[in-house]
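Please report on the packing in this protein model.

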Amino acid sequence: MRFAAGPFTALPEGAFGLCLDPHAPNRAEAAMTLDIVDFGLPDPAALRAALDALRAAMAAEPDRVFYVGCRAGLGRTGTVLACLAAETGVPGDPVAWVRAAHDPRAVETPAQEEFARAWLRSGR
């Protein structure tokens, strides 16, 4: 499985895209959408459904590129990536992992940091 993230406008051709930006000009190209306002947090139930569907798609098509993105590919994207990382067993702090593996500016707000760090503890 290949995974990438960033601005949704950079969605690679043929990739399975999860668009987090309700205003992305190429939103119609997304395989899935999860609308999150800029600098905001996802609805927990909607995020749960999106992550479940994303993991199922990754299992079904392990050779496909999977792409998560919002406007800049940092705050909303980083938050979702950190939640996914926590669920898939990435050791340690999921926010620190996303900042090291994706972008040091990822997960932009204190509320996003807390949401991502609490994702597994909350039983979501």
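The report below takes these topics in turn.

## Basis

This is a predicted model, with local features needing pLDDT of at least 70, side-chain atom pairs counting only at pLDDT 80 or more, and totals for chains, interfaces and linings using all residues. Residues are numbered from 1 along each chain as its sequence is written, and side-chain values use heavy atoms, without hydrogens or water.

## Nonpolar cores

The largest nonpolar core has 27 residues. (Such a core joins buried Ala, Val, Leu, Ile, Met, Phe, Trp, Tyr and Cys residues through side-chain atoms within 4.5 Å; buried means under 20% relative accessible area, with a 1.4 Å probe and protein chains only.) Leu18, Leu20, Leu47, Leu54 and Val80 have the most contacts inside it. Elements giving two or more residues include strand E2 (16-19), helix H1 (44-60) and helix H2 (75-87). (Helices, H or I of at least four residues, and strands, E of at least two, are DSSP runs numbered from the N terminus.) H1 supplies the largest share, 6 residues. Another core, of 8 residues, lies apart and includes Phe8 and Tyr67.

Beyond its neighbours within four places in sequence, Val80 is in contact (heavy atoms within 4.5 Å) with Leu18, Leu20, Ile36, Leu47, Leu51 and Val68.

## Helices H1 and H2

In H1, Leu47, Arg48, Leu51, Leu54, Arg55 and Met58 meet Val80, Cys83, Leu84 and Glu87 of H2.

## Threonine 79

Thr79 sits in helix H2. It counts as buried because its relative accessibility is 1%. Not counting residues up to four places away in sequence, Thr79 touches Pro42, Leu74, Val107, Gln112, Phe115 and Ala116. Its side chain reaches the backbone oxygen of Gly75 at 2.7 Å.

Key: Buried means under 20% relative accessible area, exposed over 50%, partly exposed in between (1.4 Å probe, protein chains only). A polar contact is a pair of N or O atoms within 3.5 Å; within protein, one must be able to donate a hydrogen and the other to accept it, and residues adjacent in sequence count only if both atoms are side-chain atoms.
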